[in-house]
Amino acid sequence: MARPAFRNVDRPEEGGPRLVHLDRDRRLVEEAQADPARFEALYRKYLAQVYSYAFYELRDHHEAEDATERTFLAALTNLVRFEERARPADGEGASTFRVWLFQIARNAVAERRRTLRRRPEAPLEAAGSVAGAVDIERDAARKDEVAAAWSAVGRLPDDRRRALILRFVDEMSTAEIAGVLGRSEGAVRVLIHRALRSVQRDLDDPSR
Amino acid sequence: MTGATPGRDGHEVEALVTDRYLEALLAAHARGADRGPTPRDPDDALRRTADRLARDLPRFHPSFVFEEALAARLGSVASRMRMPAAAGAEGLIVPLPVGDPGDGPGGSGRRPLLIGGALTSAALSLAGAAYVAWRLNRPAAGPMVRAARAVARTRPV
């Protein structure tokens, strides 16, 4: 994990200079804003995270690729308008660029889902296949566990699933998830807690 | 972050405890170690579920082909984005006389001509500006132009 970055800022109204937490992607973002060709570093860094998020949401590799492509194209073309807004409360390693990028991803995924709902011949449930996800697992028991976790998460209501994926798969802080979902940190904590309870009941249910 | 705060309902307090546990759990996973100590853990069932999700939820990576194709596309978009920084490519409006420059400054009406912009390169923009300047200083002498001028002269103003 990247080290957090700090800088001194003069805040006379707060009794002089103090340390302010900076976006850990600040250097990469500034370089890309100065020269769009340097955006590739940010793209390589976050590709898998954005793609994972899209795949958990859409449950189809092609749809996830489409949403990922839209996300990065939108991020590149709008990067000049991005402003860093990291706060100390965002915690170690908080990245406002990452929050901004995932806000774009969330919109791209939502648009794909709307399109898929309008096309009943390609329903989300049918598109999702856990087989591809667990084929890499050789151990059959382990494969079952992964498949069960995947299915349980897939059965969660949208907002709970989204929060859980951002927490466990993308390993975001509560503050970052709150930024992505446009909710308060308290609301995100409750969402995740309830999501865990739902998954726990699901996994403990012998009929599943 | 603090523990239970008076006034919060039970769900929020439980959620806060779970959140603190997840912080330690995911940080430990990132270090490749067992979970770190937490001041107050959630109940066993919830902890087991969190441990299991941290271990079992797969991460996905797109295909190498997709990754490289998108990288190439982003590179192409990036290079087009760099062009506006070049002189003239941001769009240059040049007043162009409707009539032939040789008709003199009293030519009827003028309309703007956009040279450059997102779809043209800086080189094209400069070439366009040079062409306009050249045309302003050089009367056209083609037979069609001469015929059109002759017709125009015969018409009443």
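Tutor: Helices (at least four residues) and strands (at least two) are DSSP runs, numbered from the N terminus. This is a predicted model.

Student: In what order do the elements of chain B run from the N terminus on?

Tutor: Chain B has five helices and two strands. Read from the N terminus on, the order of these elements is α-α-α-β-β-α-α.

Student: What percentage of the residues of chain B count as buried?

Tutor: A residue is buried if 20 or more other C-beta atoms lie within 10 Å of its own. Chain B has 157 residues, and the part that counts as buried is 15%.

Student: Which element gives the largest share of the side of chain A that touches chain B?

Tutor: The contact takes 38 residues from chain A and 35 residues from chain B. Elements of chain A that give two or more residues to this side include α2 (39-58), α7 (140-154) and α10 (185-204). The largest share is 10 residues, and it comes from α10(A).

Student: Which element gives the largest share of the largest nonpolar core?

Tutor: This core holds 59 residues, and A163(A) is among those that touch the most other members. Leaving aside neighbours within four places in sequence, A163(A) is in contact with residues including I177(A), V188(A) and A195(A). The largest share of the core is 11 residues, and the element that gives them is α2(A).

Definitions and conventions. Residues are numbered from 1 along each chain as its sequence is written. Chains are lettered from A and ligands numbered from 1 in the order in which they are written. This is a predicted model: local features need pLDDT of at least 70, side-chain atom pairs count only at pLDDT 80 or more; totals for chains, interfaces and linings use all residues. Two residues are in contact if their C-beta atoms, placed from the backbone, lie within 7 Å. A nonpolar core is a set of buried Ala, Val, Leu, Ile, Met, Phe, Trp, Tyr and Cys residues joined through C-beta atoms within 7 Å. A residue is buried if 20 or more other C-beta atoms lie within 10 Å of its own, exposed if 12 or fewer, and partly exposed in between; C-beta atoms are placed from the backbone.
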